[in-house]
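Work through the exercises below with the sequence and the 3D structure open. Each task is followed by a solution in steps.

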Amino acid sequence: STLPESFLCLDEMLLRTGRIINGLEVSKAAIEGNLEHFGPFAALELVLLETTKKGANRQEIYQILVDYGKNALEAVRSGLNNPLEELIAGDQRITSFLSQKEIQKLFQEVKTHVGDAPQRCEKFLKEMQRELKKERR
């Protein structure tokens, strides 16, 4: 029967998860470093959205951003600072739709942008509360 084996598997998964969580160390400096190096890539979506809202050709801008993304990733992997914002701010094909200030704002927004995570978390918690109330009955 697979039922006893599935409980053994679940038990092992929970034990391993517990060991991972108990040994988890969060380094604020490492997180900040990762955000500094890789956070600007998240702004590419915002740049694409804003330029297309202002009439830019989506495919054209997308390809420009992909090319800059590849160049920036190569720079980051080489140990350099992420040049993405400067590359985009220096491209007339993008600055004809977005001002320097708007580009800077989009790259700053990424540092605090959490999307719909708070709403999704609240929804999840409400669902969990409903399920727990059902079990208590």
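**Exercise 1.** Find the distance between the closest N and O atoms in the salt bridge of Asp91 with Arg93, and decide how exposed each partner is.

Solution. Asp91 and Arg93 form a salt bridge whose closest N and O atoms are 2.6 Å apart. A salt bridge here is a side-chain nitrogen of Lys or Arg within 4 Å of a carboxyl oxygen of Asp or Glu. Next, compare the relative accessible areas with the cut-offs: buried means under 20%, exposed over 50%, and partly exposed in between (1.4 Å probe, protein chains only). Asp91, at 5%, is buried, while Arg93, at 44%, is partly exposed. Elsewhere, salt bridges with shared partners link Glu12, Arg16 and Arg19 into one network. By this rule the count comes to 7 salt bridges.

Some ground rules apply to every exercise. The model is predicted: local features need pLDDT of at least 70 and side-chain atom pairs count only at pLDDT 80 or more, whereas totals for chains, interfaces and linings use all residues. Residues are numbered from 1 along each chain as its sequence is written, and side-chain values use heavy atoms, leaving out hydrogens and water.

**Exercise 2.** Work out how Lys53 and Glu50 are placed in helix H3 and how exposed each one is.

Solution. Start with the pair: Lys53 and Glu50 form a salt bridge, with the closest N and O atoms 3.2 Å apart. They sit 3 residues apart in helix H3, so about one helical turn separates them. Helices (H or I, at least four residues) are DSSP runs, numbered from the N terminus. Lys53 is exposed at 63%; Glu50 is partly exposed at 23%.

**Exercise 3.** State which parts the salt bridge of Glu102 and Lys54 ties together.

Solution. The side chains of Glu102 and Lys54 meet at 2.4 Å, N to O. Glu102 belongs to helix H7 and Lys54 to the loop between H3 and H4, so the pair ties together parts 48 residues apart in sequence. Glu102 is partly exposed at 29%, and Lys54 is partly exposed at 37%.

**Exercise 4.** Describe the largest nonpolar core and list what Leu65 touches.

Solution. A nonpolar core is a set of buried Ala, Val, Leu, Ile, Met, Phe, Trp, Tyr and Cys residues joined through side-chain atoms within 4.5 Å. The largest one has 20 residues, and Val47, Leu65, Ile88 and Ile94 have the most contacts inside it. Helices H3 (43-53), H4 (58-77), H5 (84-89) and H7 (100-109) are the elements that give it two or more residues. Not counting residues up to four places away in sequence, Leu65 touches Leu44, Val47, Leu48, Ile88 and Ile94, where contact means heavy atoms within 4.5 Å.
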